[in-house]
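Hello,

Here is the structure for your files. My notes on it follow below.

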Amino acid sequence: MAGSVNKVILVGNVGADPEIRRTQDGRPIANLRIATSETWRDRNSGERREKTEWHTVVVFNEGLCKVVEQYVKKGAKLYIEGQLQTRKWQDQQGQDRYSTEVVLQGFSSTLTMLDGRGEGGGASSGFGGGRGSGAGGNDYGDDYGAPAPSSSPSRGGGGGGGNFSRDLDDDIPF
């Protein structure tokens, strides 16, 4: 195989207020737990079933850490893009343990708030290298609580100026 891809996309709810730690040189590291759930009807009983998965997310990107620290609280709905990393550590008895985490670092990570539960109001706060959304909203129309369409290319610009969808001519039939 010529290459490989390590990319994780999650949409879920934060289970507890994020933990912010700092390295010895003062850089922030944010830790959060995100719950994703799926529901279905049991074929035999007809009962509604639900399965929840918990994901550990570690944010090393300094800009994203600032957003997490200021705006992300327990219950917030987030859209995140990162990479899986497995870390080896030893417990108190000296046994080797492994933890697999979703890591947001560098320019390939994204964190977008999908609801207005944070103190930042109802706007989406999407930050990430090269993603084009910035602190105060997105350029995808009036629905500021919705994630950016996955099939659309990056729109550039950072959440300030005009609305991209209104800048286009609507006469195109497709």
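Which strand does Gln 90 lie in? Gln 90 belongs to strand E5 (residues 77–90); strands are DSSP runs of E, at least two residues, and helices are runs of H or I, at least four, numbered from the N terminus.

This is a predicted model, in which local features need pLDDT of at least 70, side-chain atom pairs count only at pLDDT 80 or more, and totals for chains, interfaces and linings use all residues. Residues are numbered from 1 along each chain as its sequence is written, and side-chain values use heavy atoms, with hydrogens and water left out.

The chain averages a pLDDT of 76 (the predictor's confidence in each residue, from 0 to 100). Over residues 117–167 pLDDT stays under 50.

Gln 90 is exposed, at 53% relative accessible area (exposed means over 50%, buried under 20%, partly exposed in between; 1.4 Å probe, protein chains only). Its side chain makes a polar contact with that of Asp 96 (3.3 Å); the term means a pair of N or O atoms within 3.5 Å, and within protein one must be able to donate a hydrogen and the other to accept it, while residues adjacent in sequence count only if both atoms are side-chain atoms.

There are nine salt bridges in the structure (a side-chain nitrogen of Lys or Arg within 4 Å of a carboxyl oxygen of Asp or Glu). One of them joins Glu 101 and Arg 87 (2.7 Å, N to O). Glu 101 lies in strand E6 (residues 96–104) and Arg 87 in strand E5, so this pair ties together parts 14 residues apart in sequence. Glu 101 is buried at 10%, whereas Arg 87 is partly exposed at 40%.

Regards

Technical notes:
Contact = heavy atoms within 4.5 Å.
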